[in-house]
Amino acid sequence: MTFPHSTQWRALLQKGDMSSRDLVEESFKKIKQYDPKLNAIISHYYEESIALSRKSDERIKNGERGAMMGLPIALKDNFNWSGSQMTCGSKILKGYVSNYNATVVDKLLRAGSIPIAKANMDEFAMGSSGEFSAYGPTLNPWDTQRVSGGSSSGSIVSVAAQYVVSSLGSDTGGSVRLPGSFCNVTAMRPTYGISSRYGLTSMASSLDVVGPCASSAFEVAALLSTLVGQDAKDSTSIDLPRCESLYPLNPLNLKGVRIGLPMEYFTDGIDASVRKVIDANISELEGMGASMIPISLPHTAYAIDTYYLICVSEVSSNLARFDGIRFGYRTSQSSSLIDLIAKTRDEGFGEEAKRRILLGAFCLNQGHVDEYYYRALKSRNLITQDFQEAFKKVDFLLTPVSPSVAFPLGSKSKDPAEMYLSDVYSAATSLSGLPCLSIPGGFVQSPESKAKLPVGIQLIAPALSDVKLLELAHAFQLSNTHHLTQPVL
């Protein structure tokens, strides 16, 4: 059987030309063939997935239809799926088996979707490159000598390699958008709160969101349509206006649409080749009827510092629960309770996790909390106000996702400050809780290997305008084929 591009899987399922089991079998065939090279998957569940696919095939046979019915999906390994291992990419949780489902996983199962695997990730979602997993780095399918981006590296690569049509990641400061840009995948950070975080292992609670990833904006919207809604188990969750318009998604008419270009995002720091691709996308959108309007977000310069001060502070608090007492890894040698906890955390956490825990503890220390954490909260308000003022003048914003294409493995991992700057274009929107989307924008050629390397563009909308944002991206993707181009594996 010849399998078409994953954007066609749903139509073939609903017509009866393929079964859910066919798709699941193909997913596992591709994992077996390609994942020894890419390392996108930490654990997979063949028997469980086949059993779920049989149930979905029966539902389809009985006339049921739905946005995710019968489609295989990968879950980032920080989502709880009952009966599956959940490691969060860390040694400290090796062997831990979830005993309940995250709310979004429950929704996917009810919708007839088939979870097939837990995807690799930077440890506890701390990383921008996919190199900080206890289970090894996830490699970029476009050039395996380069990073895939992080922290949702495995979720993105699972889509790029067509193991699945869509996947669940999480986004804190760019964790689906950055790898989406590096791997030619459409990846969304929705408005904070529109999907429940219950059962998603917390990294930085005021920043974390569930991040749908897929081959196109249409497929992202289909996945999001099953995830949204208020949840009594998550007090931060809210309803999304117009959520009934997510599936099937219609394209937005771009005539008269105003798109802002923040001058702070278009500086000399962008690689010339990336800037050329961004400019080509701007011209394409103008040709579709959109107006490009220069604007300013004056507090953008403080976004990275603000983001990391808040992030590490919340990390330090959230990761205190991993102590070797109740679950997960425990050191084999200790002389006291305090010694057991200290050695367990020292042996179980990787270097990046330790770094952020220590930085966060310092920021929250009684002698420094006013100077660092509370000042960062004030800066966060100013950054949010910048966006609010901008959206009085424009309907959307367009920026780069990253100042460069995927960088070589190991080139930044030993310099935390340089690695943290990878989030320079994605951190501000996370602080403001805004919906934003990384979509494929084209390619540049690697000067070393001559490989084609993807470039993403970031589209940003006002809070709770997620549907309109996806309609804009869908219209754009109907006019080009960037998102349909696949890596040669």
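Start by selecting S379: apart from neighbours within four places in sequence, S379 is in contact with Y302 and T306, where contact means heavy atoms within 4.5 Å. S379 is found in helix α12, residues 370-390. Helices here are DSSP runs of H or I with at least four residues, strands are runs of E with at least two, and both are numbered from the N terminus. Is S379 buried or exposed? S379 is buried, at a relative accessible area of 14%; buried means under 20% relative accessible area, exposed over 50%, and partly exposed in between, with a 1.4 Å probe and protein chains only.

The model is predicted: local features need pLDDT of at least 70, side-chain atom pairs count only at pLDDT 80 or more, and totals for chains, interfaces and linings use all residues. Residues are numbered from 1 along each chain as its sequence is written, and side-chain values use heavy atoms, with hydrogens and water left out.

Now zoom out to the whole chain. Its secondary structure comes to 15 helices and 11 strands. The radius of gyration is 21 Å, close to the 23 Å that the globule rule gives for 489 residues, so the chain is as compact as a globular protein of that length. That radius is taken over C-alpha atoms, and the rule is 2.2 Å times the number of residues to the power 0.38. Along the principal axes, the C-alpha atoms fill a box of roughly 65 × 55 × 50 Å. Of the 489 residues, 62% count as buried.

Next, select helix α7 (residues 217-227) together with helix α4 (residues 103-110). They pack at an angle of about 110°, with their axes 8 Å apart. That makes α4 roughly perpendicular to α7. Axes are lines fitted to C-alpha atoms, for helices over the stretch in contact, and angles run from 0 to 180 degrees between N-to-C directions. Angles under 35 degrees count as roughly parallel, over 145 as roughly antiparallel, 65 to 115 as roughly perpendicular and the rest as oblique. Show side chains for V104, K107 and L108 in α4, which meet L223, T226 and L227 in α7.

On the α7 side the contact is made by A217, F218, V220, A221 and L224, and on the α15 side by L470, A473, H474 and Q477.

Follow the chain past α7 to T236, in the loop between α7 and β7 (258-262). T236 counts as partly exposed, at 27% relative accessibility. Not counting residues up to four places away in sequence, T236 touches Y192, G193 and R197.

Move to helix α5 (residues 153-160). How many of its 8 residues are buried? The count is 8 of the 8, so α5 is largely enclosed by the rest of the structure. Just after α5, Q162 takes a positive phi of about 60°.

Finish at K30 in helix α2, residues 20-38. K30 counts as buried, at 11% relative accessibility. Leaving aside neighbours within four places in sequence, K30 is in contact with D35, A161, Q162 and Y163.
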